[in-house]
Amino acid sequence: MNLPNKLTLFRILLIPVLVLLILLEVPNRFLISSVIFIIASITDALDGYIARRDNLVTDFGKFMDPLADKLLVISVLICMVEVDLVSSWMVIIIVARELTVSILRAIAAADGKVIAAGGSGKLKTITQMVSIVVLFLGAHFYNVYLLNFGTGLIFIATLLTLYSGWEYLYKNKEVFMESK
């Protein structure tokens with residue numbers, strides 16, 4: 001178990017902590033959630049960087065790192081619907097895209113092909129993560145400007161989600177045509 005894989009596991013372990021914090025009415029839950037989410041997001045960037053830099057890429061990491069990212073963002077967004085910070089239709093689009101791309105990658109992998117993350121997918125992820133933090137901070141400080149800005153960002157993230165999903169499907173349409 002190398003350091004990048006430990007960081008991935010750590011990120012996964014943070015998910016139930018975040019879910020409980022968001023859903024339970026504990027003091028400063030949104031501020032604490034934003035700090036934990038930022039830490040989790042940093043581990044996302046750090047584990048991939050360390051794995052590539054130190055040649056520590058493993059099959060476990062290839063599978064668990066993207067899964068951890070999706071579980072983190074989707075879990076938090078679903079909880080944010082529950083506490084009225086995000087509209088459910090946006091989360092549905094985000095979840096549908098993540099499932100679609102994951103299935104596309106699985107089909108490609110079964111044929112020995114790898115579909116790497118594209119620029120629009122990375123931009124989508126960054127926008128989602130920033131919008132989550134801004135919404136948490138807006139809720140913590142009861143700041144309508146931060147909440148409106150966060151809502152605008154999550155709307156942009158939803159549009160980027162649609163675009164990146166379309167881009168993955170379009171650029172890899174042969175995966176569906178050639179699969180057995």
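Guide: Helices here are DSSP runs of H or I with at least four residues, numbered from the N terminus. This is a predicted model, so local features need pLDDT of at least 70 and side-chain atom pairs count only at pLDDT 80 or more, while totals for chains, interfaces and linings use all residues. Residues are numbered from 1 along each chain as its sequence is written, and side-chain values use heavy atoms, leaving out hydrogens and water.

Now helix 5: its 22 residues should span 32 Å at 1.5 Å a residue, and that agrees with its end C-alpha atoms, which are 32 Å apart. After helix 5 comes Tyr-142, with a positive phi near 50°.

Its partner is helix 2. The axes of helix 2 (residues 29–53) and helix 5 (residues 119–140) come within 8 Å and cross at roughly 165° (axes are lines fitted to C-alpha atoms over the stretch in contact, with angles from 0 to 180 degrees between N-to-C directions). That makes the two helices roughly antiparallel, the word for angles over 145 degrees.

Who touches whom? In helix 2, Phe-30, Leu-31, Ser-33, Ser-34, Phe-37, Ile-38, Ser-41 and Asp-44 meet Met-129, Ile-132, Val-133, Phe-136, Leu-137, Ala-139 and His-140 of helix 5, contact meaning heavy atoms within 4.5 Å.

Conventions
Angles under 35 degrees count as roughly parallel, over 145 as roughly antiparallel, 65 to 115 as roughly perpendicular and the rest as oblique. The expected span of a helix is 1.5 Å times one less than its number of residues.
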